[in-house]
Amino acid sequence: MGRIFLSHIGGSRLFSCASCETPLTNRSELISTRFTGATGRAFLFNRVVNLNYSEVQDRVMLTGRHIVRDVSCKNCESKLGWIYEFATEDNQRYKEGRVILERALVTESEGFEDNVNNETNPDINSNSS
């Protein structure tokens with residue numbers, strides 16, 4: 001098997017796989033914390049990286065019928081949640097293409113600031129004349 005290439009989308013608060021700490025997404029991609037998964041509380045994200053996807057499944061959920069794929073960690077293959085491919089109800093279409101990560105299967109930690117403070121690094125804006 002070859003090398004696994006992982007992505008990192010940065011951010012000041014990161015969500016990672018609880019099993020292997022592979023970075024998945026950040027707080028700025030979080031849409032909602034009001035979802036429920038098989039393990040309890042779950043979060044809806046706009047963009048998540050370092051995932052593997054299962055085959056498409058037709059699933060009836062509390063909010064109606066959805067076409068989904070289970071998602072797992074690209075590094076350790078632990079199941080993390082699912083992605084909504086299609087929603088049959090018009091009022092559920094906002095979920096399409098979005099990812100659910102189950103809170104019990106991910107960890108949240110400090111990341112790094114997106115903006116560099118130029119005052120602490122004088123070399124960034126120095127003028128060479």
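Colleague: What is the volume of the largest pocket?

Modeller: About 290 Å³ in this predicted model. Of the 17 lining residues, T36, M61, L62, W82 and Y84 are the closest to its centre. The elements that contribute two or more residues to the lining are β3 (30-37), β6 (57-61) and β8 (79-87). β3 gives the most, with four residues.

Colleague: How do you know that a residue belongs to the lining of a pocket?

Modeller: A lining residue has an atom within 4 Å of a point of the pocket. For the largest pocket, 17 residues line it. By class they are seven nonpolar, four polar and six charged.

Colleague: Why is the pair of W82 and Y84 called edge-to-face?

Modeller: The ring centres are 6.2 Å apart, and rings pair if their centres lie within 6.5 Å. The planes stand at 75 degrees, and over 60 counts as edge-to-face, so the pair takes that label.

Colleague: What makes W82 count as buried?

Modeller: Its relative accessible area is 6%. Buried means under 20%, so W82 falls in that class. Y84 has 3% relative accessibility and therefore also counts as buried.

Colleague: How many aromatic pairs does the structure hold?

Modeller: Four. One of them is F43 with F45.

Colleague: Why is the pair of F43 and F45 edge-to-face?

Modeller: The centres are 6.3 Å apart, against a limit of 6.5 Å for pairing. The angle between the planes is 70 degrees, and the label requires over 60, so the pair is edge-to-face. F43 and F45 are both buried, and together with F15 they form one aromatic cluster.

Colleague: What makes β1 and β2 a pair of strands?

Modeller: Strands pair if there are at least two bridges between them. Strand β1 (residues 13-17) and strand β2 (residues 23-26) have three bridges, so they pair, in the antiparallel sense.

Colleague: Why are β2 and β10 called edge strands?

Modeller: The open sheet of three strands has the order β2-β1-β10. β2 and β10 (106-110) each pair on one side only, which is what the name states. From one strand to the next, the twist averages 30 degrees.

Terms used
Residues are numbered from 1 along each chain as its sequence is written. This is a predicted model: local features need pLDDT of at least 70, side-chain atom pairs count only at pLDDT 80 or more; totals for chains, interfaces and linings use all residues. Side-chain values use heavy atoms; hydrogens and water are left out. On a 1 Å grid over the protein atoms alone, a cavity is a set of points where a 1.4 Å probe fits but cannot get out, and a pocket is an open set with protein on both sides within 12 Å along at least five of seven lines; lining residues have an atom within 4 Å of a point. Grid points are joined across faces, edges and corners, and a volume is the space filled by probe spheres set on the points. Ala, Val, Leu, Ile, Met, Phe, Trp, Tyr, Cys and Pro count as nonpolar, Asp, Glu, Lys and Arg as charged, and the others, Gly among them, as polar. Rings of Phe, Tyr and Trp (its six-membered ring) pair if their centres lie within 6.5 Å; planes under 30 degrees apart count as stacked, over 60 as edge-to-face and the rest as tilted. Buried means under 20% relative accessible area, exposed over 50%, partly exposed in between (1.4 Å probe, protein chains only). Axes are lines fitted to C-alpha atoms, for helices over the stretch in contact, and angles run from 0 to 180 degrees between N-to-C directions.
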